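Colleague: I'm new to reading protein models. Could you walk me through this one, feature by feature?

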Amino acid sequence: MPESIDDHVVRRLRTWPTHLAKSESGGEYPGTLLAYFDAQLQSRHLDLAIRWLQGKGEAFYTIGSAGHESNAAVAMALRPSDPALLHYRSGGFYAARAAQVPGSTAVDDVLNGALASIADPISGGRHKVFGHAGLNVVPQTSTIGSHLPRAFGLAFAMGRSSRTEVTPPWPLDSVVVCSFGDASANHSTAVGALNASAYCAHQGLPLPILYVCEDNGIGISTKSPSGWVERSLGSWPSIEYASADGIRPVELLASAARLVERVRTERRPAILHLRTVRFMGHAGSDAELAYRSTREIEDDYVRDPLLATAAELIGAGVLTPDDVLARYEDAREAVMERATALAGTTRLDEAEAITAPITMRRSRRDVLASPGRRALAFGPKLPESEGPLTLAQSINAALRDALAARPDALVFGQDVGRKGGVYGVTRGLRKAFGAERVFDTLLDEQTILGSALGAALAGFLPIPEIQYLAYLHNAEDQLRGEAATLRFFSDGQYENGMVVRVAGLAYQKGFGGHFHNDNSVAVLRDIPGLVLAVPTHPGSAPGLLRECLALAGEGRVCVYLEPIALYHQRDLFPGDAAWTSAYVPPAGWPANASCELGRVRTYGEGRDVLLVTFGNGVRMSLRASADLAVDGTDCTVLDLQWLAPLPCEELLRVAAGFGAVVVVDETRASGGVSESVITALVDGGYDGRLKRVTSVDSFIPLGPAADAVLLSEAQIIAAVREVS
């Protein structure tokens, strides 16, 4: 078995050679080095204490920072008001940041996180993350590199906030710092964020962000190829690159300070490639000897950043070896005293308390544009004074009203600006509100959503567009792993309310195939807290969008899934203009209670069969109902409107009045919406006849072949006749 890193440090300090060369620079600022060393010591002993607590069954998260304590230098170069989005090996940074803020209790913070204690100041016992609202450390998940798009988005929003009416929660000259590991640098989220940063810097857009790659040379058991990380990180155009080594503390402190100052004054991105080392394996459960030899492990001890800082302090005559050892043991005693005292802590034990941050509600206020702002947004003719609008036109009008009423609202995505969207839904918005608030992005869905995540943190109300539902799957973890979890991991102290507009679902004529007719929404329906709305008719679409915007104002993450095939539809039957509607202006929306979260919308008064559906299924069901009425079967069509969470209470209330229910589901048979609807009805005690009709478990082919796999009106009619 290799010697433990703790035993190694103690042995080295006890036998410190008297002939070691003196430091030539460490004595120039002994106070800084001592503060740096104390942060490193605190972080190291927290790792050791957490392993001790784990052995007693008290601690549950042991990915440590041992060997990475040199990241404390980055914190010392920053202001405590600079927002930080940190790697999970950021113990040194956290200790140094806390030392900058009087009254901080960094030791208790980290221990309570590992203990899953309700006293954890950031997650309230839900997960061990580095985060603290009072220290401006925004908690991140441990998914690989997935926080970099958010960090980019925050820097992007901070860079343009001075040209808007929005005041962010951080000073305007702040630097965003984002740390990650060398293995994570290969992940598509990291590469996308760095590419987006270079893309913006190339155009001269302000982007005050410092990326810190903590390179310990290994990702769990897989080594990074020699020279790869340096070559990769140093190749990004328009991003300044600097490297530093954790075993050269004086140079590191100077490099970090210089880079931070450059980013702060020039508002341009930079990368600090920080060479570190990993001690005690990947985590407490990692059997490192399974893939590394004892000699490999012990050879790394020469790169211990604590001993490197000790050497500088001893060489400068600031401390003796005995002083350093005493300081090391004093830190151990202080940390272990708190670890012992906190063991046996109170933990979350009720589902209601655990999930509280996910769906917590706040009082809301209606934000309405003044007549003057509306006149500027729409020109001389307001939409309510025009003729009936299509679905696309009504969404466009609702977006204009939102932008007019909310100076913090931003609309962005691929082709939403100059072109006005592939289907014209955002046409004219850029001209009305300017390129600062309505803008095109590069083609990368992860970056689009990451921009929204960061913009929301900065105080904006983002309304990003994903051009097609099929393209969302490239970036779905930005919703699942990042957007939806922020409230959970921060106990509601941080949030990123947004409305993600997505064009999707099937039945698009003349331009189709799978990527433009995707009918799979399963990935959006099992994310806790995420709200999924599907506007169907121009009469209700503005109200649903306004409800989503209000929910976003409460911090909720909403997806507004717009059926492409209904965008420009005007008729239910030829010439009847039934798929158009007069526009209801914002002042009239609150009265439309049927658009509130959890409410459904019904069409018709038939009592024979209830057709439960959404999206394109509403129009198909209404057409099928007309045919069925000829045969004497009278139906009511229920538009769910909200697919997550399902409006179960309203669904059961309406269904109770019918002896038969047919669920009309344009998504697939497996993993489709109807599975949950049927379950909700059965669990809720509905005892009538039940049937569902769905599309086939297939990707959607091009051209007429699509009709063979998509739900049809004929199938709806047959299902109704079967249960009648």
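Modeller: The buried residues of α5 are covered by elements including α2 (30–55), α4 (91–99) and α12 (321–342). Contact here means heavy atoms within 4.5 Å, and helices (H or I, at least four residues) and strands (E, at least two) are DSSP runs, numbered from the N terminus. This is a predicted model, where local features need pLDDT of at least 70 and side-chain atom pairs count only at pLDDT 80 or more, while totals for chains, interfaces and linings use all residues. Residues are numbered from 1 along each chain as its sequence is written, and side-chain values use heavy atoms, with hydrogens and water left out.

Colleague: How many residues of α5 are buried?

Modeller: Buried means under 20% relative accessible area (1.4 Å probe, protein chains only), exposed means over 50%, and partly exposed is in between. For α5 (residues 106–114), 9 of its 9 residues are buried. Among them are Val107, Asp108 and Leu111. After α5 comes Ala116, with a positive phi near 55°.

Colleague: And Trp236, is that buried or exposed?

Modeller: Trp236 has a relative accessible area of 17%, so it is buried. You'll find Trp236 in the loop between α8 (228–233) and β7 (240–245). Setting aside residues up to four places away in sequence, Trp236 touches Val191, Leu194, Asn195, Ala198 and Ile271. Take Asn195: it is 41 residues from Trp236 in sequence, yet 7.4 Å away in space, C-alpha to C-alpha.

Colleague: What should I know about cores?

Modeller: In soluble globular proteins, nonpolar side chains tend to be buried together. A nonpolar core is a set of buried Ala, Val, Leu, Ile, Met, Phe, Trp, Tyr and Cys residues joined through side-chain atoms within 4.5 Å. Here the largest one has 90 residues, and Tyr211, Leu479 and Val677 are among those with the most contacts inside it. Helix α6 (residues 148–160) gives the most to this core, with 8 residues. A second, separate core has 72 residues, including Ala409 and Met620.

Colleague: Which residues is Val677 in contact with?

Modeller: Neighbours within four places in sequence aside, Val677 meets Val612, Leu640, Leu646, Leu651 and Val663.

Colleague: Now zoom out for me. How much of the whole chain is buried?

Modeller: Of its 724 residues, 59% count as buried. The chain comes to 26 helices and 20 strands, and its C-alpha trace spans about 100 × 55 × 45 Å along the principal axes.
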